[in-house]
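Hi everyone, thanks for coming. I'd like to walk you through one model today, so let me put it up on the screen.

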Amino acid sequence: MKKFYIESYGCQMNFADSEVVASIVSKEGYTSTQSLNDADLILLNTCSIREKAEQTIRKRLKGFNKLKRKNKNLKVGVLGCMAERLKSQFLDEEKIVDLVVGPDAYKDIPNLIKEINDGRNAVNVILSKEETYGDINPIRLSSNGVTAFVSITRGCDNMCTFCVVPFTRGRERSRDPKSILDEIKKLVDKNYKEITLLGQNVDSYLWYGGGLKKDFKKISALRQKTSINFSKLLKLVAESFPLLRIRFSTSNPQDMSSDVIKTMSNYYNICNHIHLPVQSGSNKILKAMNRQHTREEYLELINQIKKVMPDCSISQDIISGFPNETQNDHELTLDLMEKVKYDFGYMFKYSERPGTLASKKFDDNVSELNKKNRLQEIVDLQQKHSYYRTKSFMGKIVEVLIEKESKKSNSQWSGRNQQNTVVVFEKEDYKIGDFVNVLITDCTSATLIGNPINYSKKLKNGIIYSNN
Ligand code: SAH
Ligand code: F3S
């Protein structure tokens, strides 16, 4: 039997997509292998978000030359955003590549495999208005058997000026709620305990029988009224699977509704964490980025979230050194961070991407040194705030879902609380997949350390004070 090896880079969506691809390739008679040396087909699911991500892939591809010399029948395929961005040009630039498949064309992989096995190169980078892979049952790759991703939307219509995603993943479309619930049911039957609903912009989820988000306005009033938005989908999932923990990512500030916030607070099994990228704290930069909100509106949204769910954690994405960013703009970002005190975040230097509006309209004119120094200040401040947040859990009891052994000690379990912070504690008699109440006794800026306690009362909102 032939073997395939698949490696994923970039966002969670790519990791979820690789599980769809694994399912498709398996039906072609390939079995999955974790070893490159055994593989007849190597697939890289690639990321284009920053230049560095692309360089990493190119380096990785170079490393396969030796394998190909050893095994003349070995085929190499690239999937994902880089495949979509570079198309057949990839075959010219990287001679080692036999197969190029964009994010909406994975169902064509069986035909493409036949092509490459006949000795021809194969490319399919057609983007779709409909494809959601809703009918494919993903094969869970290197899974812990406890947590899984379930994608609910594909593509993005937001056109942030710095971002390549709308070009590589196409227009936004939502997946049939029935197929979402079916996939979750299969996971629950296999004893999975937590799912993350995935999309580039989950809050913009909208099911009205299929089709693009942007065509919603054209349908009848009745169909509009019976459509399912993200808040309704969350409710549906939370009620259908009351014992399942539910997370979602990513939320775009402009699309987050008060209904979603209310739904989160109404259901204990929807985790109190929102990933809410801000990118910059300066209105001038937000406008140039085509983010559809101001700094004031963003802070108002945070206020609203904290009012309804005081213990909800918030995480960020921030970019340093967007074109024309001045020291003053940068300080506004630091000031916004100071106001929000994010629990954690993902921070990047601006990287100009070919084809984006920012690359056409603006000069990449912030010096590398300024980008780097500003990023460092943002990262340092985030670390301070993360520590402030983890310290606030000291003496409290949190509910942890055990996912794996702690990296630092094989006598400890590692899991996460509702707020998505890692918690480690002594194993005792607990096992992977258990929900455990843990009293927090120590912390770093990224990890909570504690002792499991026998506490039979159901925790309210994930946190109670130990002396209550
Ligand atoms: N909505 C998406 C965002 C994908 S990109 C999601 O599901 O998360 C993730 C983050 O990468 C963005 O929020 C942004 O902070 C960063 N990013 C995107 N394009 C970038 C670029 N050209 N340079 C630097 N960072 C970028
Ligand atoms: Fe990119 Fe903005 Fe969409 S960051 S993925 S265009 S929300």
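Let's start at asparagine 191, which sits in the loop between helix 8 and strand 10 (194–198). Helices here are DSSP runs of H or I with at least four residues, strands are E runs of at least two, and both are numbered from the N terminus. Asparagine 191 has a positive phi of about 80°, although it is not a glycine. With 51% relative accessibility, asparagine 191 counts as exposed. On that scale, buried means under 20% relative accessible area, exposed means over 50%, and partly exposed is in between, with a 1.4 Å probe and protein chains only.

A quick word on what you are looking at: this is a predicted model, in which local features need pLDDT of at least 70 and side-chain atom pairs count only at pLDDT 80 or more, while totals for chains, interfaces and linings use all residues. Residues are numbered from 1 along each chain as its sequence is written, chains are lettered from A and ligands numbered from 1 in the order in which they are written, and side-chain values use heavy atoms, with hydrogens and water left out.

Methionine 159 is in the loop between strand 8 (153–154) and helix 7 (165–169), and at 32% relative accessibility it counts as partly exposed.

While we are on the backbone, please find serine 249 and threonine 250. A cis peptide bond joins these two residues, serine 249 and threonine 250, with omega at about 10°. Threonine 250 belongs to the loop between strand 13 (245–249) and helix 11 (258–266).

Now let's zoom out. The protein chain has 16 helices and 22 strands. Its C-alpha atoms fill a box of roughly 70 × 55 × 55 Å along the principal axes. What radius of gyration would a compact globule of 468 residues have? The answer is near 23 Å, and the protein chain has 23 Å, so the two agree. That radius is taken over C-alpha atoms, and the globule rule is 2.2 Å times the number of residues to the power 0.38. Of the 468 residues, 55% are buried.

On to the salt bridges, where a side-chain nitrogen of Lys or Arg lies within 4 Å of a carboxyl oxygen of Asp or Glu. By this rule, the count comes to 39 salt bridges.

Lysine 185 is partly exposed at 42%, whereas aspartate 189 is exposed at 55%.

Next comes aspartate 329, which forms a salt bridge with lysine 284, the closest N and O atoms being 2.7 Å apart. This pair links distant parts of the chain, 45 residues apart: aspartate 329 is in helix 14 (residues 327–340) and lysine 284 in helix 12 (residues 283–288).

Aspartate 135 forms a salt bridge with lysine 107, with 3.1 Å between the closest N and O atoms. Aspartate 135 lies in the loop between strand 6 and strand 7, and lysine 107 in the loop between strand 5 (99–101) and helix 6 (109–117), so the pair ties together parts that are 28 residues apart in sequence. Aspartate 135 is exposed at 60%; lysine 107 is partly exposed at 35%.

There is also a network of salt bridges, linking Glu194, Arg245, Arg247, Glu399, Glu403 and Arg416.

Back to the loop between strand 6 (122–124) and strand 7 (147–151), where we also find lysine 129. Lysine 129 is exposed, at 58% relative accessibility. Lysine 129 and glycine 170 are 41 residues apart in sequence, yet 7.9 Å apart in space, C-alpha to C-alpha.

One last stop: lysine 70, in helix 3 (residues 65–70). At 64% relative accessibility, lysine 70 counts as exposed.
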